[in-house]
Protein chains: 4
Amino acid sequence: MSSTFGTLFRTTTFGESHGRAVGAIVDGCPANLPLTEADIQPQLTRRRPGQSALSTPRNEIDQVTILSGTENGITLGTPIGLSVNNRDQRPGDYGDMATVPRPSHADYSYLMKYGVKASSGGGRSSARETIGRVAAGAIAEKWLKTRFGGVSIVAFVSSVNSIAAPEMDVERLSRELVDTNLVRCPDAETAQRMIALIEQARDAKDSLGGTVTCVCSGFPAGLGEPVFDKLEAKLAQAMLSIPAVKGFEIGSGFGGTLMRGSQHNDVFVQKDGRLGTTTNYSGGVQGGISNGEPVVFRIAIKPVATIGMAQETVTMEGSPVTLEAKGRHDPCVLPRAVPIVESMTALVLADAALRQEYRI
Amino acid sequence: MSSTFGTLFRTTTFGESHGRAVGAIVDGCPANLPLTEADIQPQLTRRRPGQSALSTPRNEIDQVTILSGTENGITLGTPIGLSVNNRDQRPGDYGDMATVPRPSHADYSYLMKYGVKASSGGGRSSARETIGRVAAGAIAEKWLKTRFGGVSIVAFVSSVNSIAAPEMDVERLSRELVDTNLVRCPDAETAQRMIALIEQARDAKDSLGGTVTCVCSGFPAGLGEPVFDKLEAKLAQAMLSIPAVKGFEIGSGFGGTLMRGSQHNDVFVQKDGRLGTTTNYSGGVQGGISNGEPVVFRIAIKPVATIGMAQETVTMEGSPVTLEAKGRHDPCVLPRAVPIVESMTALVLADAALRQEYRI
Amino acid sequence: MSSTFGTLFRTTTFGESHGRAVGAIVDGCPANLPLTEADIQPQLTRRRPGQSALSTPRNEIDQVTILSGTENGITLGTPIGLSVNNRDQRPGDYGDMATVPRPSHADYSYLMKYGVKASSGGGRSSARETIGRVAAGAIAEKWLKTRFGGVSIVAFVSSVNSIAAPEMDVERLSRELVDTNLVRCPDAETAQRMIALIEQARDAKDSLGGTVTCVCSGFPAGLGEPVFDKLEAKLAQAMLSIPAVKGFEIGSGFGGTLMRGSQHNDVFVQKDGRLGTTTNYSGGVQGGISNGEPVVFRIAIKPVATIGMAQETVTMEGSPVTLEAKGRHDPCVLPRAVPIVESMTALVLADAALRQEYRI
Amino acid sequence: MSSTFGTLFRTTTFGESHGRAVGAIVDGCPANLPLTEADIQPQLTRRRPGQSALSTPRNEIDQVTILSGTENGITLGTPIGLSVNNRDQRPGDYGDMATVPRPSHADYSYLMKYGVKASSGGGRSSARETIGRVAAGAIAEKWLKTRFGGVSIVAFVSSVNSIAAPEMDVERLSRELVDTNLVRCPDAETAQRMIALIEQARDAKDSLGGTVTCVCSGFPAGLGEPVFDKLEAKLAQAMLSIPAVKGFEIGSGFGGTLMRGSQHNDVFVQKDGRLGTTTNYSGGVQGGISNGEPVVFRIAIKPVATIGMAQETVTMEGSPVTLEAKGRHDPCVLPRAVPIVESMTALVLADAALRQEYRI
């Protein structure tokens, strides 16, 4: 049941990397939304590996098929079935995982949970599981754009290891700008330094972490729920549910703990016929509910656990063993994380928006 | 519906600060657990305001009553009703909120969501709502201790503004140690400096933020769910659902983005008949599932929005106005946040544990 | 968790008959609805025992208190806490149940489920649990009437044992009419015969069952969900969740199995600017969704298990024993079931209506 | 969201009759269960149309594919994706539905709900949607049989129109016996009369309804939840969610309303080391929880709405029109309903069993 997300806009994903297919059912998408595979494919394509020398060369095509829920390119209001075939179903390649838990992978904890020594290790912890989310997120985003003209959800790589992008002008952000370089950092000069560092880590058979920032603008005030389903709480859950994410902060975040209340409070002013704030340390939410300012948050992504160099570990029975990864691996997953972050954000916002529609 | 948390161990809270009562229904607590008010009161007492010169002098007693779900001090397996009366039901005191939104409070966003100009402003965003959570969390913790001998959940104040505690020895941590000083920082020397800073902020009619760290030890491997309900994802949701929390990080968190994979990977070794890791950058979870190491995370709490000094804002209609808070206010809520963090953690862990019980 | 009902209009009940209180939290009731205890009390009063010589003389007052969720008589959109104190908390009265399972009561199955020998037996299977539902249902009904002018939900006793009321003219139905006699059968002549039979059963220390019919009119077409949450499926769940209910049928029900499709099909015609049907064998729903015709269903209530005469049974350990109920008991619960049926219906319809509000 | 059923054993279905595929995701099936397509196919084959001269000759093959959740024929504990391709995707065949609502079909109510004039009418109200349920139910049943040796779920046709089977000896019931004739009535003589009546209705281009009885034996006491998720309440929901079902009764059902309490009460006796009852008017449940006796219930299925003869109706705009169904249609869906009833029952029981596993 942990594979379902959302209250009204509900996504249920399925699929391991070595089964027949991965995908999702989206239940609760309103009827009458124009929707075809062409609306979904672009974010899947941004997500897929093998896009550049920076990422793993497993060239999966990841073509999505809509199995149900639409007719003549229009949603029916019924569940939308989404499927992407797996090209490469060779559990054998990962044969060791059944007996040797890879450091900082889920092989051991999955075994403790399920009691199955699967050759695919922590099957659902694979990045491939995120395909269903990205497909669903693209639908959520399409609905949000249809429902609220002018909304925008843009994520970008804000740091790789210690190389951090300068503060961005939120107004200039766009996916086009983000995609002008391989590392998806909208600051061109920083991007070049990030790329150089990633190439160096790749050659050293090592991996790098960093941060992704996401900016959501154009959303109305009033979205989100008080108490347990605060908008920031659901965003935090959504982000920490992405593989390799270790932290989340909204608005001023951890940095805000160094400020005083008198500095940190966002002063209300009149803005184009609505109330707005002069600063946005709140990150667009107050009391769990959007206030009309951009929703801005940042996540921490660890250096991925799969590295090319040999590592010490023990077998499931406790005997020491040296593990050497085969093939080439992604030295830095941050560029590919960008569409995943955007997709999970769209799922949170679409659900919040639908939950807000039914006011008396 | 946003007032319910959990899948099997489910807590539903109710109550505004100015209604008759606040409380919760806990549904799904297993039967046969010894339980009386005496198990619940201590954490409520740690949470309540007016405990020291550091916190607000509104001396609420917060005595809990169990309304149902137990007989002769034993749980029946049926819903446990919990209620704490409000002593002080004077909406008039906050009369301005209906027309003047306080900076960085939820008055404006609640109005946008609900369309009600309540004299109590963002009623459910009040810290008083957390009483139901703390009562429920105490029950969850009692069950966890009964189910898994030797488990421990201890939170403490790890920084106030720029004053940070040194790295703690996790083995020494206990609530007794944490409670040896008013600020609930287990390092005595740091605590004194924190207290001095808080007193200074109080005198300046300002407020301070900081961080709270939580350490959960003694829990088995295998708790948590893959995908959307990863253990860290539910913890993140739980923490960001606490008023004033702006960030969450688990294990290495944001700091881990500065490491390389080869440094960050937690090497498996044999430990007392189970597998363990030499380091714990993962923070006790891998792939969303506990691995048997302590679950360690940290949250950021903003400087609270309610301050004594005058602030500029506008009325709901947009006219500039100066707002002056009446009475005295908590200059730093971090010490009182400690039992709230522990309670929400217990709710997450009890739910994860029950969801893991039903393996074939 | 089984104590929560609804997706958007969510009711969570608590309370055993011998604890401090029974009640509910209603989460998801829209804001801005005028609501005070006076809106809730009438149905509670119709539900309570001791209303007549026909029912048990335990004269419980059942006064409801709203604990939260309203201010100045207006709902805030936040959870509405509802509580009714138990006057009579004497588990001792039912002392035998811990060791002797009463025939057709839940004492034995509760013990098998929870493993607790509670002196109150199957505590949540008590009719007193329905107080929370009736209070919540009154709120749901108030909202429905505010949202859709002219809606009406009226239940009545359609048979007691073999005495059945003649076909009712749906247009004439009203609660006032239903309440013109003690047995709540709107046909006066039939009511007299029912009352005579109940008095006879009471004197024989026996009990009687029967059927309750419910008619919901004035609701728009389009309410309900396809597949698992069909309107009739949620009504069936709601009705079978009421203690002592053993059957549910909608529209033509079991009798419809004797018809042919050509007779049973409801022919569409034009009616006041919408489509309607000439007959209503469908009972107001088609494919799980309301079609604008009255929603009409009927439930079977067994003769209650608590009877005054001595009965054979065995102890929990299997030794034969004779059980004699103390005090006087309700020989026929059908009149009191009427407001419970109406309340559960209101909960289903309010939830369905809210789920339908968020169309694109 | 209405396409998900279950709390722990969760099934989400997708698919219209004229899309690419129908199917389901089963989330929450325990790990380590042996499972291949061969476990699922038999019930799908029993469900499919075109099995005999009695049913529609659209010879769909309905071959199921497991997309995920298993490895080497063993469940992983992760979501099981299930898909069955549609052979026949010709929305054109049903072209009229977009403008002419068929009597007692969902075309009109779907349009009122979704606002889409789909050529497939009430797409999810099609019997083809039940394929996903049957596939999921087969998995649930496999798990139940693995978890509880000797359990059995058998449904059969107990009446067609006014031809009713005599009381069955529950001990003799088996699917093999049920399948000895085309109409799935285990009494051979009654079956012949039913078949003759169905053939006559088919030739008259009309349709017939009837009842299906289901007997579940070998299940332990203690399954089910009190209050809203009573075992009988979830069964009622499950049954009323099946297309064309208009009624549900458990144990004595509607007939029990004619008995007195002293007759109806099931007397407890000692049985093979557990408590049992001498009669089973309760139908295996008391207070919503199984008592160890067979769970027995009966449902009413209306004569299907699709008939060959011409019918009067109006267009969506209200103009009178005569509707003539093309092709041949199922004159009586009861035989095919048998595996659907068994599947939904398995989903309810598997969920109840998992919810009961986690007692302290």
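Start with strand S7 (residues 80–85) of chain B, which is mostly covered: 5 of its 6 residues are buried. Here "buried" means that 20 or more other C-beta atoms, placed from the backbone, lie within 10 Å of the residue's own; with 12 or fewer a residue is exposed, and in between it is partly exposed. Strands (E, at least two residues) and helices (H or I, at least four) are DSSP runs, numbered from the N terminus.

Before going on, a word on what you're looking at: this is a predicted model, where local features need pLDDT of at least 70, side-chain atom pairs count only at pLDDT 80 or more, and totals for chains, interfaces and linings use all residues. Residues are numbered from 1 along each chain as its sequence is written, while chains are lettered from A and ligands numbered from 1 in the order in which they are written.

Back to S7(B). Which strands pair with it? Strand S3 (residues 21–27) of chain B runs antiparallel to S7(B) over 6 bridges, and strand S4 (residues 64–66) of chain B is joined to S7(B), also antiparallel, by 3 bridges. Strands of a sheet pair through backbone hydrogen bonds, either parallel or antiparallel.

Now hop to chain A, where you can follow a whole sheet. It's an open sheet of 5 strands in the order S1-S2-S3-S7-S4, with antiparallel pairing. Strand S1 (4–5) and strand S4 (64–66) of chain A stand at the edges with a single partner strand each, so one side of each has no neighbour in the sheet. Look for Ile66(A) opposite Leu82(A) in S7(A).

Zoom out to the whole of chain A and you'll find 8 helices and 18 strands. Its radius of gyration, taken over C-alpha atoms, is 21 Å, close to the 21 Å that the globule rule (2.2 Å times the number of residues to the power 0.38) gives for 360 residues, so chain A is as compact as a globular protein of that length. Buried residues make up 65% of those 360.

Chain A also touches chain B: 93 residues of chain A are in contact with 93 residues of chain B, where contact means C-beta atoms within 7 Å. Helix H6 (residues 231–240) of chain A gives the largest share of chain A's side, 6 residues. The two chains even share strand pairing: S11 (residues 245–250) of chain A and S11 (residues 245–250) of chain B run antiparallel over 3 bridges, with Phe248(A) opposite Phe248(B).

Finally, let's see some helices. In chain D, helix H3 (residues 130–147) lies across S2 (10–14), S3 (21–27), S4 and S7, at about 35° to S3(D). In chain C, the axes of H6 (residues 231–240) and H8 (residues 334–357) come within 9 Å and cross at roughly 145°. Axes are lines fitted to C-alpha atoms, for helices over the stretch in contact, and angles run from 0 to 180 degrees between N-to-C directions. Among the residues making this contact are Leu235(C) of H6(C) and Val348(C) of H8(C).

Technical notes
Pairing = 2+ DSSP bridges. Contact = placed C-beta atoms within 7 Å.
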